[in-house]
Amino acid sequence: MKLGFIGCGNMATAIMNGIVSNGVASAADIIGSDLSEVSRNNIQKALGITVTADNTEVAKQVDVLFLSVKPQFYQAVIKEIKEYVTDSQLIITIAPGKTLAWLAEEFGKSLKIVRCMPNTPALVGEGITAACPNDNISDDDLALAMKILTSFGKCEVVPEHLMDVVTSVSGSSPAYVFMFIEAMADAAVADGMPRAQAYEFAAQAVLGSAKMVLETGKHPGELKDMVCSPGGTTIEAVRVLEEKGMRSAVFEAMKACTRKSRGL
């Protein structure tokens, strides 16, 4: 099985690393293209894949083709490669706002397409990806896509009308979490903790808390209540977060993210 990537940025690198690390395919079976010579050199040095500046070279010779460029470049890339892709290939797209209908119209022919939305924790093997297949995808095609997409984290099939919600709840949300960790660390530094140690404490607290949600099956509110002793330090901090509108800020930020995704 030959895999190709058009676009060799951070997300493509994470996916390729997962594929190689988990034995889904070898580096010798992967080819990637990128306009940036620096990006090509970096990925070749890191993983040993074949690289090129020619997108059509990738499209012509692979069984599975990832379109991993930014959304604003999709139309130009599809125009460049559409005469070379065939209905025997599996195409996996990574772009918010680019619907299956839009992709079909741009390619102008019947193809097997899985639209997906991964996130940057894929870089450390802890990504979560949503996948949405078009009507041309068989059970075997979907199984292959899921095998690839779970090589760098978890993957779930979702209906297409939820893909923009996925963008806000997982695709973009690492940025919100990083801001939260940074804010916690800054506060700890203000109270005298060395910065490197503050980042470690804050990040590990977030990691452990997330793991508790996933592994205990308890509602986040229940887990929060377990930490909040009557008249204690935690409930006082929660009171201030509620006063400052933390929930509302997160809610409105995610709604804005979803709206932006729908408009791309």
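Residues are numbered from 1 along each chain as its sequence is written, and side-chain values rest on heavy atoms, with hydrogens and water left out. Because the model is predicted, local features need pLDDT of at least 70 and side-chain atom pairs count only at pLDDT 80 or more, whereas totals for chains, interfaces and linings use all residues.

Rolling a probe the size of a water molecule over the atoms shows where empty space is left. At least two lining residues come from each of helix 1 (10–21), helix 4 (74–81), helix 7 (163–171) and helix 12 (246–262); helices (H or I, at least four residues) and strands (E, at least two) are DSSP runs numbered from the N terminus. The lining is made up of 18 nonpolar, 15 polar and four charged residues, where Ala, Val, Leu, Ile, Met, Phe, Trp, Tyr, Cys and Pro count as nonpolar, Asp, Glu, Lys and Arg as charged, and the others, Gly among them, as polar.

Side chains of opposite charge can pair when their charged atoms come close. Ten salt bridges are present in the structure, each defined as a side-chain nitrogen of Lys or Arg within 4 Å of a carboxyl oxygen of Asp or Glu. In one of them, E160 pairs with R115, with the closest N and O atoms 2.8 Å apart. This pair links distant parts of the chain, since E160 lies in the loop between strand 8 (153–157) and helix 7 while R115 lies in strand 6 (residues 112–117), 45 residues apart. E160 is partly exposed at 26% relative accessibility, whereas R115 is buried at 3% (buried, under 20% relative accessible area; exposed, over 50%; partly exposed, in between; 1.4 Å probe, protein chains only).

A further salt bridge joins D164 and R262 at 3.9 Å, N to O. Because D164 belongs to helix 7 and R262 to helix 12, the pair ties together parts that are 98 residues apart in sequence. D164 is buried at 12%, and R262 is exposed at 52%. By contrast, E236 and R239, which meet at 2.8 Å, N to O, are three residues apart in helix 11 (residues 233–243) and so are separated by about one helical turn. E236 is partly exposed at 41%, and R239 is partly exposed at 41%. E236, R239 and E243 are linked in a network of salt bridges.

Rings of Phe, Tyr and Trp (its six-membered ring) pair if their centres lie within 6.5 Å; planes under 30 degrees apart count as stacked, over 60 as edge-to-face and the rest as tilted. One aromatic pair is counted by this rule. The rings of F5 and F66 are stacked because their centres lie 4.5 Å apart and their planes are at 5°. F5 in strand 1 (residues 3–6) and F66 in strand 4 (residues 64–67) are 61 residues apart, so that distant parts of the chain are linked. F5 is buried at 0% relative accessibility, and F66 is buried at 0%.
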